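Trainee: I have a new model open. Can you walk me through reading its features?
Mentor: Gladly; here it is.

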Amino acid sequence: MLEYTDKIRAIARKLLEEKTVELFIGYRKGTVPMMNHPVLIREPAQADLLHWDSSCALNLCNYLTRRKEKKIGILATGCNSRNIVTHIIENQIGRDQLFVVGIPCKGMIDHRAVARAVKYREITDVEERGDVFVVRGAGFEETFGKKKFLQHNCATCTHHNPVIHDEIVGDPVEDPAGIAVYKDVEKLERMAPDEKWGFFSRMLSRCIRCNACRDACPLCYCPTCFVDESKPQWVGKSIDPTDTMTFHFLRAYHCAGRCTDCGACERVCPVGIRMRQFTKKLNKDALEFFSWEPGLDLEARPPLDVYRPDDRNDFIR
């Protein structure tokens with residue numbers, strides 16, 4: 001990870017020094033272990049702020065929409081690069097505005113799983129050593145295998161390499177084969193309607209309507225969210241179960257055929273709701289009905305963006 005950090009800093013510094021870009025978007029090390037956060041730098045000297053490890057999980061594409069800079073540098077993993085493609089297709093930014101620095105990615109560490117593993121003792125330091133990482137705190141030090149502590153979305157990811165890039169930090173990694181990406185969705189599909197409703201009602205009962213999932217999602221770039229509309233008011237902002245369910249359902253459908261399963265929504269949720277259950281079902285439908293995975297091709301239009309006479313419609317009731 002230190003090797004990647006050094007390369008990223010060198011690339012960003014050079015891009016800014018040569019004025020190839022006006023702005024570089026990357027990550028900086030957080031003040032709390034496993035909580036790195038986005039950083040936007042404009043000066044070569046700021047390149048030393050940049051950092052990379054398996055806690056750089058928030059999606060940087062949030063910072064791309066409606067930018068005025070003529071040239072922007074940005075780090076991109078597999079899922080981030082697919083969001084970049086989506087933003088370009090949706091005319092949120094031009095390809096000629098971007099210098100994409102690709103990063104082959106083997107997944108991000110689930111900070112909640114690590115907290116559970118150390119029995120919620122305070123963690124003061126996390127050190128990565130290849131496929132393992134060492135967690136330290138007052139009076140304890142434990143070593144864990146990274147593979148067992150990946151975020152849920154990373155554990156089923158099949159696109160580890162950036163789909164577009166102008167420069168790449170390391171050698172591409174092999175995408176895994178034979179992963180049951182939609183195993184959790186298939187389990188839900190087998191439930192009776194009442195069981196499904198009970199499952200989602202229980203899952204969302206903890207929602208405090210903080211909108212963190214919306215704010216972290218790179219696809220939620222509407223100038224005014226439907227939640228904030230007042231004339232007419234489509235949905236209330238309270239924690240009333242109907243309002244809460246409506247918010248999550250509608251937000252998921254706004255992401256249909258667009259979500260790259262980056263996991264940012266779940267990572268920022270303060271109460272740990274696994275709302276990807278909604279978008280994963282829609283991703284599965286897009287794949288089965290339209291052979292579509294978002295963000296893989298700059299020339300392909302999303303299925304909900306086009307009409308063809310031979311579109312499948314046997315699933316419409």
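Trainee: Where does Pro232 lie?
Mentor: Start with the labels: helices (H or I, at least four residues) and strands (E, at least two) are DSSP runs, numbered from the N terminus. Pro232 lies in the loop between helix H7 (212-216) and helix H8 (241-254). A cis peptide bond joins Lys231 and Pro232, with omega about 0°.

Trainee: What should I know about the model itself?
Mentor: This is a predicted model, in which local features need pLDDT of at least 70 and side-chain atom pairs count only at pLDDT 80 or more, while totals for chains, interfaces and linings use all residues. Residues are numbered from 1 along each chain as its sequence is written, and side-chain values use heavy atoms, with hydrogens and water left out.

Trainee: Which residue has a positive phi of about 60° although it is not a glycine?
Mentor: Asn91 does. Asn91 sits in the loop between helix H2 (78-89) and strand E4 (98-102). Ser291 also has a positive phi, of about 50°, and is not a glycine either. Ser291 belongs to the segment after helix H10 (276-290).

Trainee: Is Asn91 buried or exposed?
Mentor: Cut-offs come before the case. Buried means under 20% relative accessible area, exposed over 50%, and partly exposed in between (1.4 Å probe, protein chains only). Asn91 has 67% relative accessibility, so Asn91 counts as exposed. Ser291 is exposed too, with a relative accessible area of 65%.

Trainee: And Thr65, buried or exposed?
Mentor: Thr65 counts as buried because its relative accessibility is 14%. Its place is the loop between strand E2 (37-41) and strand E3 (72-76).

Trainee: Which residues does Thr65 touch, not counting residues up to four places away in sequence?
Mentor: Contact means heavy atoms within 4.5 Å. By that test, Thr65 touches His87, Gln92 and Tyr221.

Trainee: How do I read strand pairing?
Mentor: Two strands pair if DSSP finds at least two bridges between them. Take strand E1 (residues 23-28): E1 and E3 pair in the parallel sense over three bridges. Ile25 stands opposite Ile74 in E3. E1 and E2 run antiparallel, joined by five bridges. There, Tyr27 has Pro38 in E2 as its bridge partner.

Trainee: Why is E1 largely enclosed by the rest of the structure?
Mentor: Because five of the six residues of E1 are buried.

Trainee: In what order do three strands form an open sheet?
Mentor: The order is E5-E6-E7, and the pairing is antiparallel. Strand E5 (123-129) and strand E7 (140-145) are at the edges, each with a single partner strand, so one side of each has no neighbour in the sheet. The twist averages 20° from one strand to the next. E5 is joined to strand E6 (residues 132-137) by six bridges. Arg129 stands opposite Val132 in E6.

Trainee: At what angle do helix H6 (residues 193-204) and H8 pack?
Mentor: Axes are lines fitted to C-alpha atoms, for helices over the stretch in contact, and angles run from 0 to 180 degrees between N-to-C directions. H6 and H8 pack at about 100°, with their axes 10 Å apart. Angles under 35 degrees count as roughly parallel, over 145 as roughly antiparallel, 65 to 115 as roughly perpendicular and the rest as oblique. H6 and H8 are therefore roughly perpendicular.

Trainee: Which residues make the contact?
Mentor: H6 supplies Trp197, Phe200, Ser201 and Leu204, and H8 supplies Thr244, Met245, His248 and Phe249.
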